[in-house]
Each structure stands twice: as C-alpha cells, then as structure tokens.
Amino acid sequence: MSSMTTPPFASTFQQNPAARTEAERAAILADPGFGRHFTDHMFLAEWTPERDWHDARVVPYGPLALDPATAVLHYAQEIFEGLKVYTHADGSVWAFRPDANAARMQRSSYRLALPELPEDWFVGSIEALVEADRAWVPEGGETSLYLRPFMFASEAFLGVRPSQHVTYSVIASPAGAYFTGGVKPVSIWLSTEYSRAGVGGTGAAKCGGNYASSLLPQQIAAQHGCAQVAFLDSREQKWLEELGGMNLYFVRADGSIVTPELSGSILEGVTRDSIMDIARDHGREVVERRVSVDEWREGVADGSITEVFACGTAAVVTPIGSLKWDGGEVVTGDGEAGKVTMDIRSALVDIQYGRAEDRHGWMRRIA
Ligand SMILES: *Cc1c(COP(=O)(O)O)cnc(C)c1O
C-alpha cells in the first residue's frame, strides 16, 4: 500500500497480514448481503481532553479489547453514521454527501456529550479506509461499500459523566442490492404502545440507544407479518414520526410530496433531504408539515394519498404497501411500487452511480 495517501491526521497504516485472498474476497463480493462481511482493515482514532483527537490509524480489522467497566457498555454514550461509496462505470469510487454525514455526526455528538469530530477527520477517515480496502468496493448492479463510522465512550469508569476517553472508528461492509428481484412494497406496523423517541430526548441524534428502544416494537411488527414499524409522537400518539431507521414520505394526488416536519425527535435523514431537492428538480411541490396517522388512513381510503414510501441510505427508497394496526389495515395502491416513488428512487440512484448529472454537487470522489 505504498500509494496510501496520508491525511494530515493519519499517523499509521498497518497492513493486515491475514487479509483475505483474492478468491475469498471474490466469493464474499459475489453475495455480500448486508452487514455480514467486513473488509480487511478498520480506522481508529482516540480523543482525550488533553490531546484532542489523536492516534489516527488504519489497522487490521479485528476485535477491540474493552475493559468491563468501559462506559459505553453501561451508559450507552455512543453515536454512529451510515453512508455508502459506489463504483462508477470508469472504475472510480465516490461517496454520497459525506459532508452531510460529518455534520450530522457533529450534531449527534453534541446531544450525547461526545467530542466533535472535525469534518476533515470524518472525510479523511473514510478516504483512508477506502484506499486501504479499495478492492472491497463492489462493482455492478446496486452494490456498494457501506461505511459505518461510530464513536463511543471508551473510558473505564463507572461514574456518571461524559467519558474522558472517546474512540472513533470506521468499519466497512460490502453491500449487495437491497432489493433482489425488483422493488416490492412492504407492510408497516403502527406502534401505538411504544414510541421511538420522546420530546427532549435523543430522537434527532443517530445513537444506538434509539435503536435499542425500537427493537421490541420491531419484533412485535414482525409478529404481525410486517417488515417495519412506524412510530408516532410520544406526546399525543397522533403525529407520524418515522420508522425505526427510515424517514417517511407521502405522495398526494395533486403530485406534491409530504414528509413529517422535523419535530426534535425525528432523525434528519440525508436521503430525506436529498429527495426534497430531487422532487423539486422534477417540478414537484415538497411540503414538510405534521402528518397525522388519521390523514394516512383516510387519505389512502379517499384517494388523496396515492403512494407512501420510506427512505434511508440502506434501501434508498422503499415503497410502503400497507399500514396495519391493532384492529385494522389500509392498503395503498395495487401492491406494486408507485410511479412517483420509483421515479424519485431512480433519479437518486442514477446520481449515486454516476449515470445522471450531479446538479447539487453531492458526489465526492474517494478513489
Ligand atoms: C439513519 C436513520 C435514518 C435515515 O437517514 P439517512 O441519512 O437517509 O440514511 C432515518 N431514521 C433513523 C432513525 C436513522 O437512524
């Protein structure tokens, strides 16, 4: 790896002596799935109040040794990000809006009382890891290398206060096409018993704790045959917030699209934000406002809502075919993905894979 670029902060690069062979890698890349396989290296850096961020390094992927008293294991002071890099037709590798993920990680760190990671560290850490594991970026179809930057309280101390030692890491996982055999609508379970996040809580931060609290309702959704769970606001149990890890959009009969406005407990998705620009490029009106669950039920029934979809980095855009709850169900459309949903999805995916003009300057060349 002599060509490895050294960002200002990258102090060391340690080649993995047990890196997978080309044949082993090819076997994984032939059917990567999602989040099951990891590349040969990982990025690590440390933070202390005295030294700020330091000790940036790309090292062999492997287990972290943690003291049992490590704060994150007890108080969940942890945040993460998720973004993808894509191979374009000429073999170059590009990330989608990494600056937006860097900015969101800074907002999340503020809420979790973690140190702010500078944007050049965020982007530089991704560049350093992708450079080391360049051969792991899949090519063809809707494949990508999923990057998972995360930061956690790594001080061994049981006192309740912000950790005085924080570790930042990036791992990478090759991802196959999310939908194999065509984009199919999913059914959603409405959680009326549990909320994902509360007023003044951590819902707007991308932290593991939000996911921990969504697992039980997600399990209940699965018991009802649903792929995902939709959460309402915690105060009135009336206004739609989002799914466990995706934002929501409604397509109205007049051609406009509506998404629940940021409430303080909704996670501001990069995909959600990008779709606003794409829909406006397509001449659509985009509205951010409160959407009640009754509006969803009644709008689908009276035809004023023609399509519903969810969005996030992993699946990009997922059509929603039905909403189920204790005692009822409404079905949108005819069981196939709607046209507006698919137009928006294609437009976004085409930009990500370099097949359409990047009018908004979203793509950043990584390798
Ligand atoms: C990450 C996430 C999303 C989607 O965000 P993207 O930036 O579009 O991937 C939506 N909701 C929650 C709760 C999330 O954690």
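Which pocket is the space taken by the ligand? The largest one. A pocket here is an open set of points on a 1 Å grid over the protein atoms alone, with protein on both sides within 12 Å along at least five of seven lines. A molecule sits in one if more than half of its atoms lie within 2 Å of its grid points.

Some ground rules. This is a predicted model, where local features need pLDDT of at least 70, side-chain atom pairs count only at pLDDT 80 or more, and totals for chains, interfaces and linings use all residues. Residues are numbered from 1 along each chain as its sequence is written, and side-chain values use heavy atoms, with hydrogens and water left out.

Now the shell. There are 15 residues around the ligand, each with a heavy atom within 4 Å of it. K206, Y211, E242, T271 and T313 come nearest.

Next, polar contacts, meaning N or O pairs within 3.5 Å. Y211 places a polar side-chain atom 2.5 Å from a ligand oxygen. For T271 that distance is 2.6 Å. For R104 it is 2.8 Å. The protein covers 96% of the 380 Å² of accessible area that the ligand has on its own, by Shrake-Rupley with a 1.4 Å probe.

Terms used. Polar contact = N/O pair within 3.5 Å; in protein donor to acceptor, adjacent residues only side chain to side chain. 1 Å grid on protein atoms, 1.4 Å probe; cavity = no way out; pocket = protein on both sides within 12 Å on 5 of 7 lines; lining within 4 Å.
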